[in-house]
Amino acid sequence: MEGETTVATTTIMQCRRRTGPPKPPRSSGLLIFLSFSVLWNFAAGAFDYADALSKSLLYFESQRSGRLPYNQRVSWRDHSGLTDGLEQGVDLVGGYYDAGDHVKFGLPMAFTITMLSWSVIEYRREIEAAGELEHALEAIKWGTDYFIKAHTSPNVLWAEVGDGDTDHYCWQRPEDMTTSRQAYKIDESTPGSDLAGETAAAMAAASIVFRKTSSHYSHLLLHHAQQLFEFGDKFRGKYDGSVGIVKSYYASVSGYKDELLWAALWLYEATDNKQYLEYVVNKAHCFGGIGWAISEFSWDVKYAGVQLMASKLLLQGTHNSNEQAKILEKYKSKAEFYLCTLLNKNNVSNVERTPAGLLFIRQWNNMQYVTTASFLLTVYSDYLRRSNHHLNCHAGPVYHEDLFKFAKQQVDYILGANPNNMSYLVGFGPKFPTRVHHRGASILSYRENKAFIGCTQGYDNWYGRGDPNPNVLVGAVVGGPDCEDKFADERGNYMQTEACTYNTAPLVGIFAKLSQLEESDPGQTREDPVLYTSS
């Protein structure tokens, strides 16, 4: 996912990162409609969403950095990054690797934790009913424990460990890393309001999650979140201007204003302190909250999430004056533009779809936009249902059932209801990607063979192999098919076969909701099948 950067009218295009030498994707088959050959488990009924939920949470254990705990379930992983921060005199052991490499990038890691926390906040009961609440809390805490370490003083936050340039030169297991573990920080003289804001949002959201189980930890997270927000707001600037090495990988194209609004909303959710709501209202114009009409929601672009959360406040009647209500109504208008764009019900600027109906934003790791969109559709469907409202699109009114139905169609595509009959959630179902672009998964487990594998040795002996990866990256959501629903399961096809933590995180809540709907009323999650086959 390497750095191409464009700004469009309604969509802020982001940087993409690339790891490893490129290969052109090859076609995965011909799409044939109305074949008698049915999709796996689709015509017969719903997918096993409870199994999908379990596997999605397992993935985060594969991405752990640091000293692994006694209850680590992914047995092919071992300790790694145990000296992170040592050169700088700070303990930065822990956290997550974002994708198939071993850099710890702060911005996507924080977004991952925000989305995991939001899933638990909205669907805690469903996650608990599925027996996965403990694993969800562990996945969140693995990230927030790291953020506590990285926030070493009120106005200092360590932004990154390692660098993509040296990391991508090597193909090694994380346990064998020989690449640079240089750490980079933001502070008063080198600010990063976007990173501080997203990390504040993650810790504020997580503080809500842990309020029921650990009040002390919840208060600690909230304290850090408030400090980080104040730091980001007082010392403004883009983090990629201070940490230049991140520009080719996770550049902040949207700037920092969306993250500050995002953080303020999460702090309002966590504290009920009206000053945070006033911030969101007062900054609505100058920070673009009611100016940008957006067609994506991602680790970089938070406006759609901001607009949906502000809309929820309006639907709930959470405002003190008519003036606040007017501003929240404008947020709601932009939120509905985003949702109508996904549903193909705007008069302009609808999101493209593949022939089989998958939302398609762009070719590089497209699934990240599908999973975030599906999550926002699902939660907004719930908001509309609870408030007895509907969505107003240019094409006419849309009801909460319609939003959820479309979100479910996207999720089912991911799980195998697609022309390739392939689950893009690794390890789920009988057919899934087996050559995921991931260093640790593609090389024999360190626990099986502790013989050191050097920097380029992995490229020589493992990267180019045609065999499936020796370790299955269970629960990872890969980048997915192209605009014609074609997918090439090749390790070098990083645009399609690399997985990221922020691809999977938004699905946790949706899987939980779907699993409980299926358990309580199987008919609610079944639809007439769309039939495809591939040749």
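## A walk through the model

The protein exposes about 18700 Å² of surface, and carbon and sulfur atoms supply 49% of that area; accessible areas here come from the Shrake-Rupley method with a 1.4 Å probe, and for residues only the protein chains shown count as cover. Before you start clicking, note that this is a predicted model, in which local features need pLDDT of at least 70 and side-chain atom pairs count only at pLDDT 80 or more, while totals for chains, interfaces and linings use all residues. Residues are numbered from 1 along each chain as its sequence is written, and side-chain values use heavy atoms, with hydrogens and water left out.

**The whole chain.** Start with a cartoon view: you will find 19 helices and 9 strands, which are DSSP runs numbered from the N terminus (helices H or I, at least four residues; strands E, at least two). Of the 535 residues, 64% are buried, where buried means under 20% relative accessible area, exposed over 50%, and partly exposed in between (1.4 Å probe, protein chains only). Among contacts with a separation of 6 or more, 76% are between residues 24 or more positions apart; a contact means heavy atoms within 4.5 Å.

**The core.** Now select Trp-118, Tyr-331 and Leu-391, the residues with the most contacts inside the largest nonpolar core, which has 163 residues. Such a core is a set of buried Ala, Val, Leu, Ile, Met, Phe, Trp, Tyr and Cys residues joined through side-chain atoms within 4.5 Å. Zoom in on Leu-391: leaving out residues up to four places away in sequence, its contacts include Glu-336, Tyr-380, Pro-397 and Leu-403.

Next, colour strands β2, β3 and β4, which form an open sheet in the order β2-β3-β4 with antiparallel pairing. Because β2 and β4 stand at the edges with a single partner strand each, one side of each has no neighbour in the sheet. Strand β3 (residues 157-161) is joined to β4 by 4 bridges; two strands pair if DSSP finds at least two bridges between them. Pick Leu-157 and you can trace its bridge partner in β4, Ile-186. Then show helix α5 (residues 193-209), which packs on the sheet and touches β3 and β4, its direction making about 100 degrees with that of β3. Axes are lines fitted to C-alpha atoms, for helices over the stretch in contact, and angles run from 0 to 180 degrees between N-to-C directions.

**Salt bridges.** The structure holds 22 of them, each a side-chain nitrogen of Lys or Arg within 4 Å of a carboxyl oxygen of Asp or Glu. Show Glu-175 and Arg-77, whose side chains meet at 2.9 Å, N to O. This pair links loops 98 residues apart: Glu-175 lies between α4 (164-169) and β4 (183-186), Arg-77 between α1 (49-62) and β2 (104-105). Glu-175 is buried, with a relative accessible area of 16%, and Arg-77 is buried at 1%.

Move on to Lys-104 and Asp-84, where the closest N and O atoms are 2.8 Å apart. Lys-104 sits in strand β2 and Asp-84 in the loop between α1 and β2, and both residues are buried.

For the last stop, select Glu-269 and Lys-312, which form a salt bridge at 3.0 Å, N to O.
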